[in-house]
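Take a look at the structure below. The text after it walks through the chain step by step.

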Amino acid sequence: GGARMRWLGILLGAVSLLLAGNSLALRLREETAQLRKVQQLLVRVRREIDVRRLPTGVLLRELADDPDYAEFPFLRETSRRFTGVSPPAAIWTEELARWKGLKRFPESREILKELGGILGSADGESQAAALLLLEERLNRLLAAAEEKSAADGRLCRSLGALAGLLLAVLAI
C-alpha cells in the first residue's frame, strides 16, 4: 500500500509540474493573441476613419458594440462617457489605466494610449496617417512578441517536463 502511494505521489508531482509548464506557455500565447487583437483594432480604426470617414462618437459606439473587442472594456466606457464636445483622449486614457490587460507588453499599452490621443484630434486624413505610423510600430512589437512568446513557451514546457522528470528521479 505505501509503495503504491509513493509512486502515485511521484507520478502526480511530475504530471503537475509538466502541466504547470504547459499552463505558463498557454498564458504567453493568450497574451500574444490579445496583442494581435490590438493590431486588429488599430487597423479597423484607421480603416473606419480613412475609408468610411466615421465621426469619432459613431466610431466609438461601433467599437464598443463589436463583440470582437469585448475584451477591451475601455472602449465601452470611453464610448459611454464621450459627449462629443472635446476629443476623447482624456476619457480614453482614464479608462485604459483601469484596464488590467497587456501588463507584459507595456509598449502596447502606450500604443493604445496614443491611439486614444489620435481619435478626434485632427481631420480624418491626418488621423489616418498618424494611425498608420502607430500600426507600423505595433507590427514590429507584435513580431518580436510572437517570437519571444514562442521561445518562452517552449522554455516553460521544457522546464516543466524537466522538473517533473527530476522530481521523479529524486523521489526514486
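How exposed is V15: buried, partly exposed or exposed? V15 is partly exposed, because its relative accessibility is 37% and that class runs between the 20% and 50% cut-offs. Keep in mind that this is a predicted model.

V15 belongs to helix α1. It also takes part in a nonpolar surface patch, together with M5, L8, L11, L12 and L19. The patch covers about 580 Å².

Now step back to the start of the chain. G1 sits in the segment before α1, and α1 itself covers residues 2-52. G1 is exposed, because its relative accessible area is 84% and the cut-off for exposed is over 50%. From G1 to V15 the sequence distance is 14 residues. In space, their C-alpha atoms are 21 Å apart.

Next comes the whole chain. The protein chain has 6 helices and 0 strands. From the N terminus the order reads α-α-α-α-α-α. The chain is more spread out than a compact globule, because its radius of gyration is 22 Å, well over the 16 Å that the globule rule gives for 172 residues. The C-alpha trace spans about 75 × 30 × 20 Å along its principal axes.

What about the surface and the interior? Buried residues account for 38% of the 172 residues. The accessible surface is about 9900 Å². Carbon and sulfur atoms hold 60% of that surface. Consider also contacts between residues at least 6 apart in sequence: 65% of these join residues at least 24 apart.

Helix α3 shows burial in detail. This helix runs over residues 73-81, and F74, L75, T78 and S79 are buried in it. They lie on the same side of α3, because they cover an arc of only 135° around the axis. The cover over the buried residues of α3 includes α1, α2 (56-65), α4 (89-98) and α5 (106-118).

The loop between α1 and α2 holds R53. R53 is exposed, because its relative accessible area is 57%. In sequence, R53 and G124 are 71 residues apart. In space, their C-alpha atoms are 6.6 Å apart.

Charged pairs come next. Side chains of opposite charge can pair when their charged atoms come close. The model has 16 salt bridges in its count.

One of them joins E62 and R52, with the closest N and O atoms 3.0 Å apart. This pair links distant parts of the chain: E62 is in helix α2, R52 is in helix α1, and they are 10 residues apart. E62 is partly exposed at 25% relative accessibility. R52 is partly exposed as well, at 45%.

Another salt bridge joins R81 and E94, with the closest N and O atoms 2.8 Å apart. Here too the pair links distant parts of the chain: R81 in helix α3 and E94 in helix α4, 13 residues apart. R81 is partly exposed at 27% relative accessible area. E94 is partly exposed at 38%.

A further salt bridge stays within one helix. K148 pairs with D152, and the closest N and O atoms are 2.8 Å apart. Both residues lie in helix α6 (residues 124-171), 4 residues apart, which is about one turn of the helix. K148 is partly exposed at 48% relative accessibility.

Notes: Residues are numbered from 1 along each chain as its sequence is written. This is a predicted model: local features need pLDDT of at least 70, side-chain atom pairs count only at pLDDT 80 or more; totals for chains, interfaces and linings use all residues. Side-chain values use heavy atoms; hydrogens and water are left out. Helices (H or I, at least four residues) and strands (E, at least two) are DSSP runs, numbered from the N terminus. Buried means under 20% relative accessible area, exposed over 50%, partly exposed in between (1.4 Å probe, protein chains only). Patches are made of residues with over 30% relative accessible area and no salt bridge: like charges are joined within 9 Å, nonpolar side chains (Val, Leu, Ile, Met, Phe, Trp, Tyr) within 5 Å. Accessible areas come from the Shrake-Rupley method with a 1.4 Å probe; for residues, only the protein chains shown count as cover. A salt bridge is a side-chain nitrogen of Lys or Arg within 4 Å of a carboxyl oxygen of Asp or Glu. The radius of gyration is taken over C-alpha atoms; the globule rule is 2.2 Å times the number of residues to the power 0.38. Contact means heavy atoms within 4.5 Å. The arc is that of the directions from the helix axis to the C-beta atoms.
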